[in-house]
Amino acid sequence: MVLNPVLGKLVSKRVVLASASPRRQEILTNVGLRFEVVPSWFKETLEKSSFTAPYEYAVETARQKALEVANRMHVKHLRTPDVVIGADTIVSVDEQILEKPVDKQDAYRMLSRLNGKEHSVFTGVAIIHCRSKDNQLEMEITDFYEETKVKFSELSEELLWEYIHSGEPMDKAGGYGIQALGGMLVEYVHGDFLNVVGFPLNHFCKKLAELYYPPSKHNVQHKKYDSIPSVDTFEKLSDGESESSNFTGHKDASKLDSVGIYSLGAVYTSENSSGVRTGFTVPLENQNGVSQSAAKLPSKILELMDGFRASKALFVASKLKIFDHLKDKGPMKAVDIANDVGTSVCGTERLLDACAALGLLEKTLQGYSNTDSANIYLTSDGKYSLHGYIIHSNDHLWPLFTNLESAVKEGSRQNHRAFGKKADDLFKDYYHSQEVKQRFMAAMHSIARLTARDVATAFDLSQFKSACDLGGCTGALAHELVQVYPDLKVTVFDLPEVIANTSYFQPSGQHAASVTFVSGDFFKDNLPEADLYILSRVLHDWPDEKIHVLLSKVSAVCRPGCAILLAEMVLDDEKKNRSTALLQSLNMLVQTEGKERSGTEYRALLEQHGFTNVTIRITGNLLDIILCVKM
Ligand SMILES: O=c1[nH]cc([C@@H]2O[C@H](COP(=O)(O)OP(=O)(O)OP(=O)(O)O)[C@@H](O)[C@H]2O)c(=O)[nH]1
């Protein structure tokens, strides 16, 4: 649960932290913010002398870090984030800016400068709200800085060197980490402690409050608030969202809710004596003249209650190929679309309006047209088309999910209830008819295309000369890998029924020859030789016993130094935070004997088969990546 509704404003947005700093990640994770980490490639080399004050340098560096990530995600990854957060922490002493030491001598130089004196720590923060309009990246940048004064005690040379040899100073601005051993060097801190650690959380929340709840003309008083409104205040405000808070342009569910929530009363805000804004509802009279108070509705719960309606609207529009029609012919009127696809005008109009309100379509006087995202993801031939997966969700997953209650009661898959037949093998379900097989392959292909770049680049795989993608289906990941690593040869190993149907999905291009297809059953047949074995969305299909069979086979053919790359949604150890992955685990319950697992669980499985150095990258995207090496 997000404690602070200001941060709650970010829940439905794709938030990206443009920072490799584990401290920033921890500070933001600790308050319940969900975000993806995309470290910035911006080199911190701005000319310091061109800034009149040290904080200007920190703010500009933070801006450049965030801008680089926003641009890269938009242009290279075709994934425009909603919000990008960048930060830069520096220490300023005697008009000098200190960043991270480059070596121990440099750390010594910095710490000696700070010894026995007061210095300032500045963190510059940039919050960029992004949106893609006509494929152009539009951004609104907000930045600020926070200053904290820190005083070091008089420290002996011996102590300084002991501290330096601990290794702690190396990745810390000014050469110390106040949150750990470095705390022992500090006599006092004036200001925000977390600012020193790398992220001024309090100021960040105030900034979000300013952005998402700007003082409106309805305010009873207009004093500018100078502290974070209390939780209670935010809850009252949270659904009375103002126009300007909708940076991303899409209409999210909470915004839609707000219409209903305050239909009985208007929201006003005022400030209390301590400068804290308070929200209250003004009673309005109903039609009978009876005074009523606007009830604050639980918007999150309402959103969940209605979630299936939105999913189904998307599924039906996709099944009817409305996005394909609009790509070729839009803008179009409802009546023309209805005629083209052979549906009723009144039903089609309602569906189109719902899709427009959900941000999937645009509605103008000329008619309906696709949004940029619809063109890319929802048309059946879009570059990153999810059409295949959406149809699979509608035709296969939906009937299974309607039996979730039985699955939970019985603890087992529900294929027999959903489809009226009992299959002993998961994939027999998919491959019993050509139509279902092609639908399943198209679904796997669309997800693999979307995630392939992340899987291929989560780790540097350039040391491997050959790879085998076990259960690699249409070869979408294999083709991405050979593009990223031109010297790599990839064998896609999958069941004969799959391999026989891959030709439709093959790209043409210079690297196509580096991908070969071999048919076989990875539980029974010999595995092709390779330096790297890839298991992407495979292990979650199976129970531990079967995974042991598979991993022991991989282990048997792996030479020391060879590796396994896993791509799965990794659960947090406590299994309480990652709702997408936890829902995916329910998805596995209704249709397989498998489940999603935590990093610790994957590590244990891999280590039992001699795979060590298990490194887990939580990407915050659809798939997390695990690399481990055979000893
Ligand atoms: O007391 C502490 N002071 C500072 C830190 C950490 O120091 C670094 C500051 O470096 P920077 O702002 O450039 O951030 P990076 O780590 O390089 O990550 P980016 O990818 O954002 O450039 C920062 O990590 C602070 O957390 C500390 O830990 N304690």
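**Close-up views of a predicted model**

**View 1. The hairpin of β12 and β13.** Strands β12 and β13 form a hairpin in which two residues lie between them; helices (H or I, at least four residues) and strands (E, at least two) are DSSP runs numbered from the N terminus. Strand β12 (residues 361-364) pairs with strand β13 (residues 367-370) in the antiparallel sense over four bridges, where pairing requires that DSSP finds at least two bridges between two strands. The bridge partner of T364 is G367 in β13. The structure shown here is a predicted model, in which local features need pLDDT of at least 70 and side-chain atom pairs count only at pLDDT 80 or more, while totals for chains, interfaces and linings use all residues. Residues are numbered from 1 along each chain as its sequence is written.

**View 2. K9 and its contacts.** K9 lies in the loop between α1 (5-8) and β1 (15-17), and K9 counts as buried because 23 C-beta neighbours lie inside 10 Å. A residue is buried if 20 or more other C-beta atoms, placed from the backbone, lie within 10 Å of its own, exposed if 12 or fewer, and partly exposed in between. Leaving aside neighbours within four places in sequence, K9 is in contact with L208 and Y212, contact meaning that the C-beta atoms of two residues, placed from the backbone, lie within 7 Å. The C-alpha atoms of K9 and L208 are separated by 8.6 Å, although these residues are 199 residues apart along the chain.

**View 3. The kinked helix α10.** Helix α10 (residues 299-319) has 21 residues and reaches 29 Å from its first C-alpha to its last, close to the 30 Å expected at 1.5 Å a residue; the expected span is 1.5 Å times one less than the number of residues. A kink of about 45 degrees is centred on D306, the bend at a residue being the angle between axes fitted to the seven residues ending there and the seven starting there. L314, A317 and S318 are buried in α10, and the buried residues of this helix pack against α11 (322-329), α13 (345-357), α14 (372-378) and α15 (387-401). After α10 comes K321, whose phi is positive, near 60 degrees.

**View 4. Loop residues with particular backbone geometry.** G330 and P331 are joined by a cis peptide bond with omega of about -5 degrees, and P331 is found in the loop between α11 and α12 (334-341). E95, in the loop between β3 and β4 (96-98), has a positive phi near 60 degrees in a residue other than glycine, and E95 is exposed because 7 other C-beta atoms lie within 10 Å.
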